[in-house]
Amino acid sequence: MKALNFGERVAEEERDDLIHYFVATDLWNRLVNGEIDIVYGAKGSGKSALYTLLIANNSELFDRNILLVTAENPRGAPAFQGLIPDPPTTEDEFRGLWKLYLATLIDSVCRDYGIKTSAGDALHTALANAKLIPADKRLASMLRTVAEYVKGAMRPESVGIEVTIDSLSGLPAGFAGKITFHEPSSEARKRGFQSVDSILRLADSVLSETDMRVWVVLDRLDVAFAESPDLEKHALRALFTVYLDLLAYECIVLKIFLRSDIWSRITSEGFREASHITRHSTISWDRLSLMKLIAERAVQCREFCEFYGTDPTTVRRLSNEQEKLFYRMCPSQVDIGPNKAKTFEWILGRTRDGSGDNAPRELIHFMNSLRNEQVRRLDAGEALPEAEMLFGRASFKNALPEVSRVRLEQTLYAESPALKEHLEKLRGEKTRQTGSSLAALWECTEAEAHQIARTAVEVGFFEARGDKNSPDYWVPFLYRDALGLVQGTADTA
C-alpha cells in the first residue's frame, strides 16, 4: 500500500515518469506526425502532459530533421510575464513581437546546432545589426530585447525617441533598427531596410536548404497572461493570426497548447481568422480512458503487481483487465444499495465540475488522497479492508475534502479571484440556489445575481438547471466539502 502512488497532478512535476505512464493515443500520433498544430483542453485535461512528452521526444524528432524550440519556459516564471509592466498595446504590435521573437528563436537554435548557410548568415547579420541578439540567451532576455525593439519601431515615444518619421523607411528618424513591420518601399530596401516577414523568409530558407524544420512549441499561456485579460486577448489573437501567416512557410510550424475556456474567451467578441484554423484537436476524456489512466499508474508499482499477481502489459492492453483490477483494489460500491452508483462512477461524480467534465488532475488527486487516508487508518490500527481490497469504504468520503479544498482555492479562486467574495458567502448554505436566494446572499438585485452566477457557470462552479431564462444553480460535489454546503434547495421566501 505505502509503495503505491498514482503520480503527480501536474505534468511539470512528473516529467521523468510521464513516459512510463503514457500510451500513444490517436491525438498524440497525429500531433507528432504533424497533422495537428493546436491542442485545446480544459484545465487539468492533460495539455501540459502532451507538451512535456513532446519535449521529451526531442531526440526522436531530431532524427526526423525536426528541431524543437520552446518559446515559453516549461517551468518557473513564464518569460512573457516580463511584458506585463509595459506590454505591447495593440494586436499589430503583438504580431510584430511574435514574428520577430520567432525569428530570433530560429536563429538561436540554428546556431546551437551548427546550421550555417548564406541565408543563415544574412538572418543572423540582420538580427545582430538590429541589436536583437542578447548575450543572455534566456527566453525572458530574448523576449525583452525583442519587445524593446518593437516599442522603438512602433511606439518611439515610449523610449524617448523624437517622433520624426523617415519618409522612405517609415521608421522614426535616428532609429538604429532596419527591420520594419510593414513592407518597406523599394528605395528603403536599397538602404538596407527589410520587413519582419522577409526575416522569417530567410529563416525558412535556412531550414529548407538543410532539409530541416522547426517546431516552436507554446504552453502555459494561461499562466503567462493571467494577470491581464486585455493583454491575454491581444497577445493570443495576434499569436493565432501569426500562426496562420506561418502556414505560407514550409519549415516553420507553431505548436500551441491552450485551454479551451481561454480560446472561447478570446473569440467571444468575434475573430474571423478562427474559421481558418483547421489543424487542431480538443483533448477529451471518457470513462474508459479515465479507468485506463488509473490502471496505467497503478501497475507502475512493482509491489502492487506482485500483490495481485498481475501482468502490467496485459492490463495496459485490455480494458476489461483494467476494470477487474480496479474492483479488486476497491469495493464495488461506496454507498451500498440497489440504486447506488458503482465505485468508479461515484468517484467520477465527485471529481467533475459544473461543466460535467472530468479532468485527470482531480481524479489523480483523489486516488492519491484515498491512498493517504487508507494509510493513515492502517497506521492508527484499523483493520485491513476485506478480501484483497486496498481501500475500505470509509476512506473514500474522507478523501474528498482535500481534493475539494485544493480545487476551490488553488484553481478556481486563483484563476477567478473576482468570484471569491461571492462564493465565500455560500459557506454552509444549500447546494441548490435560485436567482432570488443568491440575490439575498449577495445583497444585489436578482438580475445582478444571475449575471454573477452565469460567470460561475462559465468557470464550472455552478451547473445551471431548469428554466433557461431564469435557471437554478446547482453546486457539483467537487466544491461542496470545501464550502461546507448542505444538500437541498435554498429557501426563496
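Contact here means heavy atoms within 4.5 Å. Helices (H or I, at least four residues) are DSSP runs, as are strands (E, at least two), and they are numbered from the N terminus.

Welcome to this structure, which is a predicted model: local features need pLDDT of at least 70, side-chain atom pairs count only at pLDDT 80 or more, and totals for chains, interfaces and linings use all residues. Residues are numbered from 1 along each chain as its sequence is written, and side-chain values use heavy atoms, with hydrogens and water left out.

Let us begin with α5 (residues 91-112) and α6 (residues 118-129). In α5, Leu100, Ala103, Thr104, Asp107 and Arg111 meet Gly120, Asp121, Leu123, His124 and Leu127 of α6. This contact is made up of four nonpolar, three polar and three charged residues; Ala, Val, Leu, Ile, Met, Phe, Trp, Tyr, Cys and Pro count as nonpolar, Asp, Glu, Lys and Arg as charged, and the others, Gly among them, as polar.

In a second pair, Glu232, Lys233, Leu236, Arg237 and Phe240 of α11 meet Ile262, Trp263, Arg265 and Ile266 of α12. Here the residues divide into five nonpolar, no polar and four charged.

The table uses axes that are lines fitted to C-alpha atoms, for helices over the stretch in contact, with angles from 0 to 180 degrees between N-to-C directions.

| Helix pair | Axes come within | Crossing angle |
|---|---|---|
| α5 and α6 | 10 Å | roughly 125° |
| α11 and α12 | 10 Å | roughly 95° |

Angles under 35 degrees count as roughly parallel, over 145 as roughly antiparallel, 65 to 115 as roughly perpendicular and the rest as oblique. Therefore α5 and α6 are oblique to each other, while α11 is roughly perpendicular to α12.

**The nonpolar cores**

A nonpolar core is a set of buried (under 20% relative accessible area, 1.4 Å probe, protein chains only) Ala, Val, Leu, Ile, Met, Phe, Trp, Tyr and Cys residues joined through side-chain atoms within 4.5 Å. The largest has 71 residues, of which Phe80 and Phe240 touch the most other members. Helix α5 contributes the most to this core, with 11 residues. Beyond its neighbours within four places in sequence, Phe240 is in contact with residues including Ile38, Tyr40, Trp263 and Phe271. A second, separate core holds 58 residues, among them Ile294 and Leu441.

Most residues other than glycine have a negative phi. Lys131, though not a glycine, has a positive phi of about 55°. Lys131 sits in the loop between α6 and α7 (139-154) and is exposed (over 50%), with a relative accessible area of 62%. Glu443 also has a positive phi, near 55°. Its loop runs between α21 (435-442) and α22 (446-458), and Glu443 is exposed, with a relative accessible area of 69%.
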